[in-house]
Amino acid sequence: MMSQEKNDELSLVKASDPAGKLLRQYWMPAALSEELESDRPVVPVNLLGEELALFRNENNELVLMDRHCPHRGADMCFGRKEDGGIRCPFHGWKFDSSGQCLDQPAEPEGSKFHEKIRINTYPLHEVNGIIFAFMGSGEPPAFPDFDCFKAPDSHVFAFKGLWECNWLQALEVGIDPAHASFLHRFLLDEDPEDSYGKQFRDTAADTNIPMTQVLREFDRPDIIVKDTDYGLRIIALRDLQNGTSHVRLTNQVFPCAITIPMSNEMTITQWHVPIDDENCYWFSMFTSFGKPVDKATMRAQRLLEHTLPDYAPIRNKRNHYGYNREEQETLTWTGMGLDINVHDQWACESMGKIQDRTNEHLGTTDKAIIQHRRKLRKAIKIVSEGGDLSELPLQVNAAQARDIKGPVAIDAIAPTQDWETVWRTSDQQRRAACDWDAER
Ligand code: FES
Ligand SMILES: [Fe+2]
């Protein structure tokens, strides 16, 4: 259990809040690249409690600025794009892409007032379908050599979805290896041939055993958590009682992402990004070590479950997540359909907008959650006290960033005595056979 004060310290995201300050020192997914392909030239972005406006100027450069005009607050998302900048429709104040006000056409001729006016803008970095923003102070950290950033665009599919809850509880479901045996339990095994683009529907590596069967029949994993330069490596071992063990490697990528295996071919790197204190988006990069990603299929699968432009899930608390009693008795543990994302969404949202951690009771399986909170608290303290940011995970320069790779996310079956070597070999084989440079 934790005090209310400590819960607030870890979870709240405004610029004045301790966790808000920490999160701002990291690149955050702000939008999918595809969002700028809609009919709307300037799209609204809500990130870390701030209202922002995102567009590509005529030179195709990305610009992210505050949403409200510094004159009298009109909405820049309806601005007119002009000569690399944007003009507010209310009184025509014009801003360049650095945010400097260049023109105030109704002010007296010769007025220099505009020189004093700026709108906040933020650095951006676009990679493999996601536009990342940096809202902190000082130099942003460099992007590590993670697989999802290094893979070519053809091998990465990006998507996002809305969850109506605080970012931290959304992240914590992803670093909790025990829940997969319950929340995502399927009472029947689907044909793994039909598993493309879905999580937990492949066979366990190098076997004919469906992952669903492994998770269902072996529900008491041993969990090992290791500190790394990017966050945590989390290993879940399931002893299959026949001399072999199922090994599942997942990762916490500091401060708000995970990298996990999706199938034998693909991994998922997923950020849980605060919109504000009570809502968040998951942004995922699905990275293939095998064939190029079939983006049309993966997008169509996800559009069956989400509505645009908000990427809001069709199953949500207002329709009880599509709960079906008969399905719960015969097919799935939750009765909420086959998409495991919906199960996670229910688990996180059902805690309440911000989980009341003054009432929780963490068990042995919550090891990674405990360790991650410890790391967060330490990092929050460093940022709040104006300490040395280079002590934080992933606060690296370009040269250091090249040494941060992976992270390895894999499912493997190994002789129980040998599990430590087998996952490394499986990972190396997969990387060696990969079309792009996936060497670690
Ligand atoms: S409110 Fe934007 S120019 Fe007046
Ligand atoms: Fe889950």
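1. The buried residues of helix 9 are Ala368, Ile369, His372, Leu376, Ala379, Ile380 and Val383. Seen down the helix axis, they fall within an arc of 105°, so they line one face of helix 9. The arc is taken over the directions from the helix axis to the C-beta atoms. A residue counts as buried if 20 or more other C-beta atoms lie within 10 Å of its own, exposed if 12 or fewer, and partly exposed in between, with C-beta atoms placed from the backbone.

2. This is a predicted model: local features need pLDDT of at least 70, side-chain atom pairs count only at pLDDT 80 or more, and totals for chains, interfaces and linings use all residues. Residues are numbered from 1 along each chain as its sequence is written, while chains are lettered from A and ligands numbered from 1 in the order in which they are written.

3. Helices (H or I, at least four residues) and strands (E, at least two) are DSSP runs, numbered from the N terminus.

4. Arg374 and Lys378 are exposed on the other side of helix 9. The cover over its buried residues includes helix 1 (4-11), helix 2 (18-24) and strand 15. Just after the helix, Gly386 has a positive phi of about 70°.

5. Strand 22 (residues 410-415) has 5 of its 6 residues buried, so it is largely enclosed by the rest of the structure. It pairs with strand 15 (residues 244-253) in the antiparallel sense over 6 bridges. Pairing requires at least two DSSP bridges between the strands. Thr244 has Pro415 in strand 22 as its bridge partner.

6. Val422 lies in helix 11 (residues 419-432). Val422 is buried, with 20 other C-beta atoms within 10 Å. Leaving out residues up to four places away in sequence, it touches Val247, Ala412 and Ala414 (contact: C-beta atoms, placed from the backbone, within 7 Å).

7. UniProt lists residues 27-133 as "domain: Rieske", in an unreviewed entry. Its positions follow the numbering used here, feature names are shortened, and annotations may be inferred rather than shown by experiment. Over residues 27-133 the chain is 0% helix and 38% strand.

8. An open sheet has 4 strands in the order 5-6-7-8, with antiparallel pairing. Strand 5 (80-82) and strand 8 (101-103) stand at the edges, each with a single partner strand, so one side of each has no neighbour in the sheet.

Notes. Two residues are in contact if their C-beta atoms, placed from the backbone, lie within 7 Å.
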